[in-house]
Amino acid sequence: MKRSVWARRLLLSAVVVCSIFAGGAAKIVQDQCGPFTDVTPAFCPFVSELYYLGITAGTSATTFSPDDPLTRGQAAVFVAKGLDQSLARSSRRAALGQWWTTTPYYDLGLGVTNLSLAIRHVASDGTDIWVAGGSVVYRVRASDGKLLETWTGATSAHSILIAMGRVFVVGSTSIASPDVTPGVLYMIDPSQPAGPVTTVATDLGNNDIDIAFDGGRIWVTDSGSSVAIVTPGSSIPWSVTKVSTGFSLPIGIVFDGANIWVADVLAGDLLKLDANGAILQAVHTGASQFIAFDGAKIWVPGPTAVTIVQASTGAIVATLTGNGIQGGNAAAFDGQRVMVTSPNADTVSLWNAADLSALGFFSTGAGSLPYHVCSDGINFWLTLGGPGQLARF
C-alpha cells in the first residue's frame, strides 16, 4: 500500500514538472540565473551562490555583467565578504547551530560557574575550560559549565597554557602573597585523576605574568623586566634561560607561528622577538596588557583604544577607539570576533576580526571586574573577579 501511494505521488510530481517546463516558465528558468538574465549556464551555479550569500548584488536588478572588468576595490569587497561567509559556515558555531552572540543573564546566575574570588586567567583545550586562581586550577566542562575537577598545590596560580597535551600554569608573586620566590612553572596531565600539580621549572622570575608556546619551548613574561624561556627535558626541573635586555615591564605574550610578541607596558611597545629572545622590532602602541593573535593581526588592548598590528610586517593597521573600551585588559579571538575586557567599566567589547567593525559592548554587571578571556571556538569565557565566577558569553 505504501509503495503504491508513493509511486502515485512521484508520477504526479513528474507530470506537473513536465507541464511547467513545457510552457512559458521553462524559458524563465533556462534564461535566468537567480535574478540575472545575462549569466550563462556554465557560470550560473557560482554566480547564484554569490548572490544568495549576499556577496554580490550584480550591476542592476536583473544584470550581473559577467564580462565587465573588476576594479581592485571591488575585488577586495568580494574576497572579504567571501572570507566572512567561509568563516561563518565552517565554524563550530555553525555546526552546532549556536548562532546567538548576546550575553547571558549573569545577574540571574545563568551562564556562570561559581569558583573563587582569586581566579585570574582562563584557557580552553577545545573541550574543557581551565581557570587559575589562588593555589588551585579548575577544570570546567564547556558544554554546560559544570565544575569537573580541582587541582591543588599551584601556589599563586596566574596564567594558563594548553600545549603538548598538558596544562601549564605560572605561579606569580605579583598577584597574591609573596610565597613563590622565584616564580615556578606547574604542569597538569589532564588524562590523570585530579590531584597536586607537578613543578617542572623554577627560577623563572619574581613577577611572572603571562605564558606562550612556540612549538618547542615555553615562554613566560616577568614584569620584573625579563622573559624566561623554558625548554622541556627528560628530567625535572627543566632548563630556564632568562633574557632581560630591552625589557622594562613585559606583560602579554603570544606566538604568531613564526615569532614571539611581547607587550611591554612601561615602554608602551609591542616587541617582536627572535628565537633567543632578542628584540627584532618595537612597535609603539601605548600601554597594554594581555594581547591576542587572530591568525594575521595582533590585538593590543590599551586604556582607551585597541591597536591592531599586522604580524607579518609590524605595521599598525588601525587604532580602534570607543565601543566601550575603558582600561582594556585582555583580548581573545573566537575565529570571527575579537573580545576585549574592560574591568574598570565592567564591560566587554566586540569587533569583527576581518573588517574591524565594532559589534557593540556589553555590561557584565556592576562590580563584576571582567579580567581575562578565552574562546573555545563557540563561546567566549570570562573570569569575573568581583563575584569569583567563570562566565560564558
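I'll start with helix 3, whose buried residues are C44, V47 and S48. Buried here means under 20% relative accessible area, exposed over 50%, and partly exposed in between, with a 1.4 Å probe and protein chains only. Looking down the axis of helix 3, the buried residues fall within an arc of 100°, so they line one face of the helix. That arc is taken over the directions from the helix axis to the C-beta atoms. Just after helix 3, G54 has a positive phi of about 85°.

Some housekeeping. This is a predicted model, in which local features need pLDDT of at least 70 and side-chain atom pairs count only at pLDDT 80 or more, while totals for chains, interfaces and linings use all residues. Residues are numbered from 1 along each chain as its sequence is written, and side-chain values use heavy atoms, with hydrogens and water left out.

Setting aside neighbours within four places in sequence, S65 is in contact with D38 and T59, where contact means heavy atoms within 4.5 Å.

Now the overall picture. The protein has five helices and 28 strands; these are DSSP runs numbered from the N terminus, helices being H or I of at least four residues and strands E of at least two. Of the 393 residues, 45% are buried. Among contacts between residues at least 6 apart in sequence, 45% join residues at least 24 apart.

Next, the cores. A nonpolar core is a set of buried Ala, Val, Leu, Ile, Met, Phe, Trp, Tyr and Cys residues joined through side-chain atoms within 4.5 Å. The largest one has 18 residues, and Y106, F290, M339, V373, F380, L382 and F393 touch the most other members. Strand 24 (347–352), strand 26 (370–375) and strand 27 (380–384) each supply at least two residues of this core. Strand 27 gives the most, with three residues. Apart from this core lies another, of 16 residues, among them M187, A201, L204 and A228.

Last, the charges. How many salt bridges does the structure hold? There are eight, a salt bridge being a side-chain nitrogen of Lys or Arg within 4 Å of a carboxyl oxygen of Asp or Glu. One of them joins the side chains of E149 and R139, at 3.0 Å from N to O. E149 lies in strand 5 (residues 147–151) and R139 in strand 4 (residues 136–141), so the pair ties together parts that are 10 residues apart in sequence. R139 counts as buried, at 13% relative accessibility. D128, R139 and E149 are linked in a network of salt bridges.

Another salt bridge pairs D189 with R166, at 3.6 Å from N to O. This one links distant parts of the chain, 23 residues apart: D189 is in the loop between strand 8 (184–188) and strand 9 (198–201), and R166 is in strand 7 (residues 166–171). R166 counts as partly exposed, at 29% relative accessibility.

Finally, K297 forms a salt bridge with D294, with the closest N and O atoms 3.0 Å apart. Both K297 and D294 are buried.
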